[in-house]
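Colleague: I would like to learn how to read a few features of a model. Please take them one at a time, with the general idea and then the case at hand.

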Amino acid sequence: MAKGSQLSQLKSALSQAGISKTQNGKKRKRSHSIDQDKIKKAAKLQEIHKKLNPFDVKVTKLKHDVGGRKIKGSKGQPAQSKQAGIQQREMTLLREFQDRGRVGGVVDRRFGENDPSMSLEERMLERFTKERQRASKGTMFNLEGEEQLTHYGQSLSNLDDFDDVGLPMDEDEDDDQGQLDRDIVGRAHFGGFGDKDEDETDHNSDRKKSKAEVMAEVIAKSKEHKARRQLEKVQEESMRHQLDEDFDSLRSLLFAPDAQTTDSNVAALGSSGNQPDIPSVDIDEQMDYDRQVRELAFDQRAQPKDRTKTEDELALEEKEALEKAERQRRRRMLGDDGEDSDDGGKNHGKRKRERGGDDLEDDFLGDELWGGIGSGLGEVGINDQAVAEGDSEEEDEDEGVDEDEDEDEETDDEDENSEAEEGNESNFGSEASSVSGGDFDEITTSQKSAKLKPPGGFRHELPFTFPCPESHEEFLEIIGEIDDTDVPIVVQRIRTLHHPSLSPENKAKLQNLTSVLIDHVLYITSPPAPRFTLLNSIIPHLFALCRSYPIESAGNFVEKLSLMHKNLERGLSRGALELGTRTWPGPAELSFLRTAGVIWSSSDMSHPVISPARLLMGAYLGLCRVRSLTDITSGLFLSSIFLQYEELSKRLVPEAVNFSINAVLHLAPSSLKNVASIPGSFPSPDFRSDLCAPLAIDIKKSKHLDFRTPNLYRLLTGDNYQEQDKLDLLGLAFRLLDRFSEMYKSLDGFIELYQPVLDILRKLDVTKLSEGVRMQASSLQDRLTRLLKFSRQARRPLLLQAHKPIPIPTYIPKFESRSSSYLRRHDPDHERNEASKLRYQLKQEKKGAIRELRKDAKFLAAVEHKQQTEKDRAYKEHMNKAFSSLEGERAEQKAMDREKAKEKRRSGRK
């Protein structure tokens, strides 16, 4: 190639190749054809193009060049490869992109094909009708088509011969001077020339109908339907006209004149029919329908209903309603019955609307709810209180599982006997305070600070507004003279008045109210007079607050649990067997733990409230020692709470099962003499001890007694125990063992867990007890025996883990795969070498696939950009045309305005 610029190099290359434009004057003879010259010329130009553009060829420099070795990919032509890839994508990917919205397939559009209610003959008839109608649209005036025109089933082409029309063939025969007689007109001129054929078809009615006859029937049916529709339309029009004429009577009912008017010519509604005749005016003039319709257009339209209010608006309305009711209550209390002070004189002079005959009585809540005695006001009789307590007790009995139902019934019995024990001076709280002194921290407000409620059945008027208490003492002052049945109403009104949407400070107040309600739960379940019915009515409010503020509420619960744990540590440090120490939880603590299980989710693996509660209850059952029947009662109650907690998760709680079987050992008579004779590995440190020996059931006194529901509150707070109480606790322990066996029967270690329990139950001496006790003990043994049998049948012995056979060791040297590039794919191990090659091939294919996908995405993006650019250009051209036309029109308008202005000025000068 010559040196110089690209242009000079191109010129010299063209001249050397003999493709220069300059030619000699003399024409040379062509020895070759024109096509061959073109091919040679194109090849020369391609070679010149390659030489002039060195960037079209990409050469990879070899690190170690070996002579005679050809390496694939050392030289490449990226421009040509790119162009070839674009052309291939235009033929394949671009077509798929353009056809992406098309849907193929054959749709069966035959008439009645998917209609099972139509028979085959009906389908064929309808299809033939549709086909004929479709064909008739295109060939209606095509006389040269395949279809023939017919009349009365005969083809009109037969008339072309004029054979039997009766026309004269010669002029000599034309005697009537071209006149046609009646017969010819009747037969030939569409007048029924097929009468003979019709007579013949009447005789041959059994033959198959022709297409013409079928079409005639279809047309006749269509005309019949059309006539029927017209008749119905006429009847509707006549009925509408009749209603318009009778509108006079309806108008007299709709627009009744006022009874006070005397000049009205129309009688009032409800007037008697014996009045004198009134001179009537012409009905057409007085009751013009169009005039009345125009009058109706000016009537008052129906007002739209109120929109659905938000939660904040509803809370604000409830608060305002309570405040209004409280102001009315204070006015009634002060003897002021006026209504103007509350509404500011707005309703002065208005009287209550009298109810009419069509009143729906849907406005009675306006003033009667808050303006009357209100909700929860007035006197309540003793019978009503008894009914309310009975309802709450029934609700309490319906909660929980079967074992919890027994406990609820026990709490109901405790509630019934609570009034009888109010006078008992030896209460549980005072004894604990006198014994423990300052070492025990009370978890709730002391009972001494509570104000006694006035006796009698009279209830004071309940206010509608209450301040949000900051502490439990303030809450006790608020409900000091309020009946227990009204305490939930007070809590609900406090929540309504201090809704979080009404003020920013209300959120903190309601969080503090949660702590107050927790203290009140502990307070009302503490001796000497626990109120479990009130507890059931407070739990829903506490549940709602805990759902609204879970983090703060969980902190309050954990604080109480920490205090209970500290009390347990103090009691254990003083001595677990000391009679005066408080180690086992009392009624308040047990109620608190049960409430926590109701409010919070007890099936979580780790929960900020339930997990500490489970640990605390496990510490109670595992560390506390049995000293009296009260301790056994508290432990069985904790076991039932564990049953409630683990109902869904079914986690193993060995402390609950251990305490249940220990309670059976302490209470039931058995042949076991000491701890060493107890089967299994259950820890029983208190078995046959001096403190637990009196707890065993006396066979002589209990031979006629049967299981009943134990009164847990009396057993937790009392000192005088009977044999019936011991028998009731034994029945409770039996039921707990039964429930735990049903829960843990799917465990792998169920045999090791319950086989010792079954052995202990078999050694019980219950033969001298009542029939009910023996039946329950035997049924429990049978059930455990059956469950253990099934568990043994389902158990499979341990097997060695299945693995591949150990191959014979080989002595092939191990090569490092990364040590040498030469040995990278020359591993002596054939399988490993093939796997390495496959991995490398997979890697390369994956990289190539990713590269092609990126190129496809880039190509599609370019196509979409080109389409969008074309759309924008077309839109711009369209808008430019529109603007140009508008500008031209505007220019003409301005020129016309200038001409008009000139004309006006000229006319003014003239």
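**Reading the features**

Modeller: Take Leu579, which counts as exposed because its relative accessibility is 64%. The classes are buried (under 20% relative accessible area), partly exposed (in between) and exposed (over 50%), with a 1.4 Å probe and protein chains only. This is a predicted model, so local features need pLDDT of at least 70 and side-chain atom pairs count only at pLDDT 80 or more, while totals for chains, interfaces and linings use all residues. Residues are numbered from 1 along each chain as its sequence is written, and side-chain values use heavy atoms, with hydrogens and water left out.

Colleague: Where is Leu579 found, and which residues make the nonpolar surface patch?

Modeller: Leu579 is found in the loop between α22 (550–574) and α23 (587–599). Helices (H or I, at least four residues) and strands (E, at least two) are DSSP runs, numbered from the N terminus. The patch consists of Leu577, Leu579 and Leu691, with an area of about 280 Å². Patch residues have over 30% relative accessible area and no salt bridge; nonpolar side chains (Val, Leu, Ile, Met, Phe, Trp, Tyr) are joined within 5 Å, like charges within 9 Å.

Colleague: What counts as a salt bridge, and how many does a search of the whole structure find?

Modeller: A side-chain nitrogen of Lys or Arg must lie within 4 Å of a carboxyl oxygen of Asp or Glu. The search finds 21 salt bridges. One of these joins Arg795 and Glu752, at 3.0 Å from N to O. Arg795 lies in the loop between α31 and α32 (830–909) and Glu752 in helix α30, so the pair ties together parts that are 43 residues apart in sequence. Arg795 is partly exposed, at 33% relative accessible area.

Colleague: Why do residues three or four places apart in an α-helix point the same way?

Modeller: An α-helix has 3.6 residues a turn, so residues at that spacing point the same way. Here, Glu237 and Arg240 both lie in helix α8 (residues 211–245), 3 residues apart, about one turn. Their salt bridge has its closest N and O atoms 3.1 Å apart. Glu237 is partly exposed at 44% relative accessibility, and Arg240 is partly exposed at 41%.

Colleague: Which residues are 3 residues apart in helix α32?

Modeller: Arg873 and Glu870, separated by about one helical turn. They form a salt bridge with the closest N and O atoms 2.2 Å apart. Separately, Arg89, Glu852 and Asp856 are linked in a network of salt bridges.

Notes
Areas by Shrake-Rupley, 256 points an atom, 1.4 Å probe, with all protein chains shown as cover.
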